[in-house]
Amino acid sequence: MALPDPQPGLVISYAYLWHHESERGRDEGRKDRPCVIILAAEQEDAGVRVTVVPVTHTPPADPAQALELPPRVKQHLGLDDQPSWVVLSEGNRFLWPGYDLKPIRGAKNRFHYGFLPPSLFDRIRERFVAIWREGRSKAVGRD
């Protein structure tokens, strides 16, 4: 299967590098996880630069900096039935497709889970932008 087009709202499988791991000198994510493409911007002569935010089972320390995925959305995406949150206070940036886009475990040659419902993605994007504008967000460059 061909790689998907990088579009906002698409949930991909990605080796996410947490900001605190990057600060400690790591340059590789420890685990492949679902991540939401929050931004995909065409770069002059460089391709598409993508920003993704991670999905985690760990409840957020600050609930204002994450959004819980509804069970029906998780089911639609083919994710497990444990509670999960989209973390909105940090992200990874890279040129698409990058080295860390990974096939979904157990699904050869498939790199994406599907799209979030537009209304949910709009809430995620709005909160991400607000956190970013307040200066409370961290980005890790992965190029």
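The side chains of Asn92 and Arg142 are joined by a polar contact of 3.0 Å; a polar contact is a pair of N or O atoms within 3.5 Å, where within protein one must be able to donate a hydrogen and the other to accept it, and residues adjacent in sequence count only if both atoms are side-chain atoms. The model is predicted, so that local features need pLDDT of at least 70 and side-chain atom pairs count only at pLDDT 80 or more, while totals for chains, interfaces and linings use all residues. Residues are numbered from 1 along each chain as its sequence is written, and side-chain values use heavy atoms, with hydrogens and water left out.

**Strand β6**

Asn92 belongs to strand β6, residues 90-95; strands (E, at least two residues) are DSSP runs numbered from the N terminus. Asn92 counts as buried because its relative accessibility is 0%, where buried means under 20% relative accessible area, exposed over 50%, and partly exposed in between (1.4 Å probe, protein chains only). A polar atom of the Asn92 side chain also lies 2.9 Å from the backbone oxygen of Leu17. With neighbours within four places in sequence left aside, the contacts of Asn92 (heavy atoms within 4.5 Å) include Tyr14, Tyr16, Val50, Thr51 and Val140.

Glu90 is also placed in strand β6. Glu90 is buried and has no salt bridge, the nearest side chain of opposite charge being Lys138 at 6.1 Å. A salt bridge requires a side-chain nitrogen of Lys or Arg within 4 Å of a carboxyl oxygen of Asp or Glu. The side chain of Glu90 makes a polar contact of 2.8 Å with that of Tyr16 and reaches the backbone nitrogen of His19 at 2.9 Å. Beyond its neighbours within four places in sequence, Glu90 is in contact with residues including Trp18, Val52, Pro54 and Ser137.

**Salt bridges**

The structure holds six salt bridges, among them the following.

| Pair | Closest N and O atoms |
|---|---|
| Glu21 and Arg30 | 3.0 Å |
| Arg49 and Asp143 | 2.4 Å |
| Arg136 and Glu134 | 2.5 Å |

Arg49 forms its salt bridge with Asp143. Because Arg49 lies in strand β3 and Asp143 in the segment after β8 (138-141), this pair ties together parts that are 94 residues apart in sequence. Arg49 is partly exposed, at 25% relative accessible area, whereas Asp143 is exposed, at 62%. In the pair of Glu21 and Arg30, Glu21 is buried at 4%, whereas Arg30 is exposed at 64%. Arg136 is partly exposed, with a relative accessible area of 34%.

**Backbone features in loops**

The peptide bond from Trp96 to Pro97 is cis, with omega near 5°, and Pro97 is found in the loop between β6 and β7 (112-115). In the loop between β2 and β3, Asp45 has a positive phi, near 60°, in a residue other than glycine. Asp45 is exposed, with a relative accessible area of 81%.

**Largest pocket**

The largest pocket has a volume of about 360 Å³. Of its 17 lining residues, Asp32, Arg33, Pro34, Leu79 and Tyr113 are the closest to its centre. The elements that give two or more residues to this lining are β2 (31-43) and β3 (47-56), and β2 gives the most, with four residues. A pocket is an open set of points on a 1 Å grid over the protein atoms alone, where a 1.4 Å probe fits, with protein on both sides within 12 Å along at least five of seven lines; lining residues have an atom within 4 Å of a point. Its volume is the space filled by probe spheres set on the points, which are joined across faces, edges and corners.

Key:
Lys, Arg positive; Asp, Glu negative; His and termini not counted.
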